[in-house]
Protein chains: 2
Amino acid sequence: MDIELLRTLTTPARTKILLCVIDGLGGLPHPDTKRTELETASVPNLNHLAEESSCGLTVPVGAGITPGSGPGHLALFGYEPLKYEVGRGVLEALGIDFPLEGTDVAARGNFCTLDDDGNITDRRAGRVPTEVTVRLVQQLRDVRIPGVEVLVEPVREHRFVVVFRGEGLDDRLRQTDPEREGVPPLPVRATAPEAEATAALINRFVDQARHVIRTHPTANGILLRGFAKYPAFPPLPEVAQMRCGAFAVYPMYRGLAKLVGMTVAPGGGTPASQLEAMKAQWDDFDFFFYHYKKADTAGEDGDFRAKVEALEEFDQLVPQLRALEPDVMIVTGDHSTPAVMASHSWHPVPFMIKSAWVRGDGVREFTEPACREGALGIFPAVDVMPLALANAGRLLKFGA
Amino acid sequence: MDIELLRTLTTPARTKILLCVIDGLGGLPHPDTKRTELETASVPNLNHLAEESSCGLTVPVGAGITPGSGPGHLALFGYEPLKYEVGRGVLEALGIDFPLEGTDVAARGNFCTLDDDGNITDRRAGRVPTEVTVRLVQQLRDVRIPGVEVLVEPVREHRFVVVFRGEGLDDRLRQTDPEREGVPPLPVRATAPEAEATAALINRFVDQARHVIRTHPTANGILLRGFAKYPAFPPLPEVAQMRCGAFAVYPMYRGLAKLVGMTVAPGGGTPASQLEAMKAQWDDFDFFFYHYKKADTAGEDGDFRAKVEALEEFDQLVPQLRALEPDVMIVTGDHSTPAVMASHSWHPVPFMIKSAWVRGDGVREFTEPACREGALGIFPAVDVMPLALANAGRLLKFGA
């Protein structure tokens, strides 16, 4: 299902859709108990909702493919993630709420350590503390390159974002990170003739940047990767003819929502305060994206117990979410983050959808194995949006 | 999922993957017992492995599509079988271990019977015995065509392989077999202008071949079909960054493995001796393709009992296969061959994968209905390779 097919089928309606994304929702069994995080957690409200929903498991990108946050969310928003790709530079910029413009070229930067011969000895500069990166970034801001504005922002530890702003910039560029040590950083290389001029500008920036930070004992070099422009995706509000609002504590997810044209509520606060904000704006939108982060963070930390607790915390929000009385309510994740792997994974993600028009399936629990038995089976995450729209009475018949 | 996407995501690792293909694995219930071959067989080792695995059913090509050995295996190797097609001439050549070169054009040949008017009266020449075909092929080798080397090899009964070797040959040719009797064989026709010269050469060969064998009472003509060049597929070892070894008794399967760039161990022997060979070379490869043929042979023969026994024989090999301690172990088939149909079929094929990262699914038996209840559901066989690589820690995250 492509987003462009939806464009031809959507029709306005007075219904409201609530998409709740529990980041990193899916898990794997704990080696001792043989139960996943969801199977371990006490989540009576989610279980109750599952009883009234159609359940299934979504495949975010494809079998065996572990999605980053970008493809995981784009799929849920209805965008085929292998087609609608977002470069790492743009994602990093989204992650710090950087206001990218359409002609900007963004890149992810790392401070690194170079030896006297210019070879890399540490690709992360010993993971310099964030406060050091903040100071180093301040120094990089002194670099001036004629013909282009260079904007540098610190991220965390050795990471920063650099944005090149100007006319005619092209992002068809190869990264400078050779992804190994003992060799010098690569020059930026254009992969299309149109990008030669941009490559030259950025190489000048890299040279001057190295000069500026040359005396730092560890962070005396930089590596750039993921050169990318802000992509022009078909806007969901236009495609689906509905007002879309995004409610998320963290910048990355607001950025992804903005990428598909959603109206983004102010970030920060807590899941509860974002829920309050959504409640306050309930009349302003037809589609609501509500993002809950903590399950992924705990999973990434390899903290099974913390992930269980995050799921239990979300469960406590469910009655208030239901009290909004959306016509269609979905709870799912953008990908799995099993605590036993301490990373995102490829495993299909629990999913449930409640509306007046779901086919019940006797699922009594919101867990991986129970959802597998659900009416929807295992299906691509990119099908979530058409299912949501259909259940909201927002899709016309296809063909006569 | 295309093999070319895998190329962008694979990363080297120290893990080992063992793909065991039981040829023709899937079956249908026996009319008396209502139990399939797998349900009838005593396969305690497979059942035990299923308990520790994620199970499912694979669809080799598509719903209702019965695969030949080529597409069945290519799908398991990660190649979309509708995209990566192998011509019949090439498959026949692979099946007799013929060392095809990249510029060769291979065709499958049949001896046929022609009447005095040159019309076909039997497309298989009464299925002449193999020893007759061997003598006739010897005669065909006397045919000399200037500008091209013609290599002819007997196969079985009325079948042979002919390979045209030379510069600038083109395989865009139509078969000479009209697929009915009472009409003469068709001339070879080029389907692209570049193939006209090749068509002319082959027509000269066909004319002279008929002259050479004209006195044989039944096999006095030939029919050629499946003109094909050895395809240039992206090599799996390169795409997946792993050393791939193939262990198979029969030439066809070694040929298919070679087609995707695997290193092929010497053939022949028995399943047990191939297992020993694999054990001896366990340090030499990261990915192992182990092929077990007998289940398909029995199925094709319509011999339910023999297929059950073949499955039981494989089951006895399972402890030794597991003793190799692969990080990822898969048991599946390239297609179903239900004994009650005495042929390949389109039915989804039992599949199981064991690794440290599978989501258990409570499947207790390695049978068609039990696998259908597995965590993986019914899924395309082309997803097997990404799943194998993911479970082996050999795939990077897609997107940030």
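Which side chain does B:Asp104 meet in a salt bridge? The partner is B:Arg165, with 2.8 Å from N to O. Before going on, note that this is a predicted model.

Where do these two sit? Are they buried or exposed? Both B:Asp104 and B:Arg165 are buried.

Staying in chain B, there is a salt bridge between the side chains of B:Glu157 and B:Arg127, at 3.2 Å from N to O. B:Glu157 lies in the loop between strand 5 (149–154) and strand 6, while B:Arg127 lies in the loop between strand 4 (120–122) and helix 6 (130–140), so this pair joins parts that are 30 residues apart in sequence. B:Glu157 is partly exposed, at 24% relative accessibility. B:Arg127 is also partly exposed, with a value of 42%.

Now chain A. A:Glu52 and A:Arg322 form a salt bridge, and their closest N and O atoms are 2.6 Å apart. A:Glu52 is in the loop between helix 3 (44–51) and strand 2 (54–59), and A:Arg322 is in helix 12 (residues 304–323), so the pair ties together parts 270 residues apart in sequence. A:Glu52 has a relative accessible area of 31%, which is partly exposed. A:Arg322 is partly exposed too, at 23%.

Salt bridges can also link up into a network: A:Glu4, A:Arg7 and A:Glu238 are joined in this way. How many salt bridges are there over all chains? A search of the whole structure finds 50.

Last, helix 6 of chain A, residues 130–140. Its buried residues are A:Val132, A:Thr133, A:Leu136, A:Val137 and A:Leu140.

What does the buried side pack against? The buried residues of helix 6 pack against strand 3 (105–114), strand 5 (149–154), strand 6 (159–165) and helix 7 (196–212) of chain A. On the face turned away from the buried side, helix 6 carries the exposed residues A:Glu131 and A:Arg135.

Methods. Residues are numbered from 1 along each chain as its sequence is written. Chains are lettered from A and ligands numbered from 1 in the order in which they are written. This is a predicted model: local features need pLDDT of at least 70, side-chain atom pairs count only at pLDDT 80 or more; totals for chains, interfaces and linings use all residues. Side-chain values use heavy atoms; hydrogens and water are left out. Buried means under 20% relative accessible area, exposed over 50%, partly exposed in between (1.4 Å probe, protein chains only). Helices (H or I, at least four residues) and strands (E, at least two) are DSSP runs, numbered from the N terminus. Contact means heavy atoms within 4.5 Å. A salt bridge is a side-chain nitrogen of Lys or Arg within 4 Å of a carboxyl oxygen of Asp or Glu.
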